[in-house]
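Q: Hi! Could you walk me through how this model packs?
A: Happy to, let's have a look together.

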Amino acid sequence: LILVWALVVVWLGGTRAGDGIPNLVPTGDGWLALMGAALIGMLAGNLTNNMPPALLLLPEAAAAGPVTVLALLIGLNVGANLTAIGSLANLLWRQATPSDVSSWRTFHALGVVTTPLIVVLCTTVLWAWTSLVR
């Protein structure tokens, strides 16, 4: 499944629809720009899976700078816990866990409550740290 998504992403990146991708990633290292990159990563990762958006968005984030890459990775990786399909790790965890330990309903209820807060917290720490270091 992930290989198919990767092939679709490569194909999409070469089409006219892929031409708009550079406009999706905010530039700059301010709090709003970093939060925008993290939230775009979180949204894109949960719509498909975190790997295809990583393949499409990371080259553009790299052009914006390393702090933008880190913010996008926060959204793509931490933010992927919002839905079951957000990360392959979520699917593998669910397959390995007995169904009486946790249900999809519990997983999604906890994800909706905790994931956005953790993404905002992590991105804010990233912004504060990079602001202090410079």
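Q: Let's begin with α2 and α6: at what angle do they pack?
A: Helix α2 (residues 31-47) and helix α6 (residues 104-133) pack at about 145°, and their axes are 10 Å apart. Helices here are DSSP runs of H or I with at least four residues, numbered from the N terminus. Axes are lines fitted to C-alpha atoms over the stretch in contact, with angles running from 0 to 180 degrees between N-to-C directions. Before we go on, this is a predicted model: local features need pLDDT of at least 70, side-chain atom pairs count only at pLDDT 80 or more, and totals for chains, interfaces and linings use all residues. Residues are numbered from 1 along each chain as its sequence is written, and side-chain values use heavy atoms, with hydrogens and water left out.

Q: Thanks! Which residues meet there?
A: From α2 you have W31, L34, M35, A38, L39 and M42, and they meet T115, P116, V119, V120, T123, T124 and W127 of α6. Contact means heavy atoms within 4.5 Å.

Q: What does T123 touch?
A: Setting aside neighbours within four places in sequence, T123 is in contact with L34, M35, A38 and I74.

Q: How does α2 sit against α4, then?
A: The axes of α2 and α4 come within 7 Å and cross at roughly 35°. On the α2 side are L34, A37, A38, G41, M42 and G45, which meet V67, T68, A71, L72, G75 and L76 in α4. By class, that contact has eight nonpolar, four polar and no charged residues.

Q: Which residues form the largest nonpolar core?
A: There are eleven: V9, I21, V25, A44, A54, L56, L57, A61, V69, L72 and L76. A nonpolar core is a set of buried Ala, Val, Leu, Ile, Met, Phe, Trp, Tyr and Cys residues joined through side-chain atoms within 4.5 Å.

Q: Which helix gives the most to this core?
A: That's α3, with four residues.

Q: What about L72, what does it touch?
A: Not counting residues up to four places away in sequence, L72 touches A37, G41, L57, L58 and A61.

Q: Switching topic: where is A84?
A: A84 is in the loop between α4 and α5 (88-96). A84 is buried, with a relative accessible area of 10%. Its contacts, again not counting residues up to four places away in sequence, are N90, L91, W104, F107 and H108. A84 and G111 are 27 residues apart in sequence, and 9.1 Å apart in space, C-alpha to C-alpha.

Q: And where does S87 lie?
A: S87 lies in the loop between α4 and α5. S87 counts as buried too, at 11% relative accessibility. A polar atom of the S87 side chain lies 3.1 Å from the backbone nitrogen of A89. Leaving aside neighbours within four places in sequence, S87 is in contact with N49, N50 and A80.

Methods
Buried means under 20% relative accessible area, exposed over 50%, partly exposed in between (1.4 Å probe, protein chains only). Helices (H or I, at least four residues) and strands (E, at least two) are DSSP runs, numbered from the N terminus. A polar contact is a pair of N or O atoms within 3.5 Å; within protein, one must be able to donate a hydrogen and the other to accept it, and residues adjacent in sequence count only if both atoms are side-chain atoms. Ala, Val, Leu, Ile, Met, Phe, Trp, Tyr, Cys and Pro count as nonpolar, Asp, Glu, Lys and Arg as charged, and the others, Gly among them, as polar.
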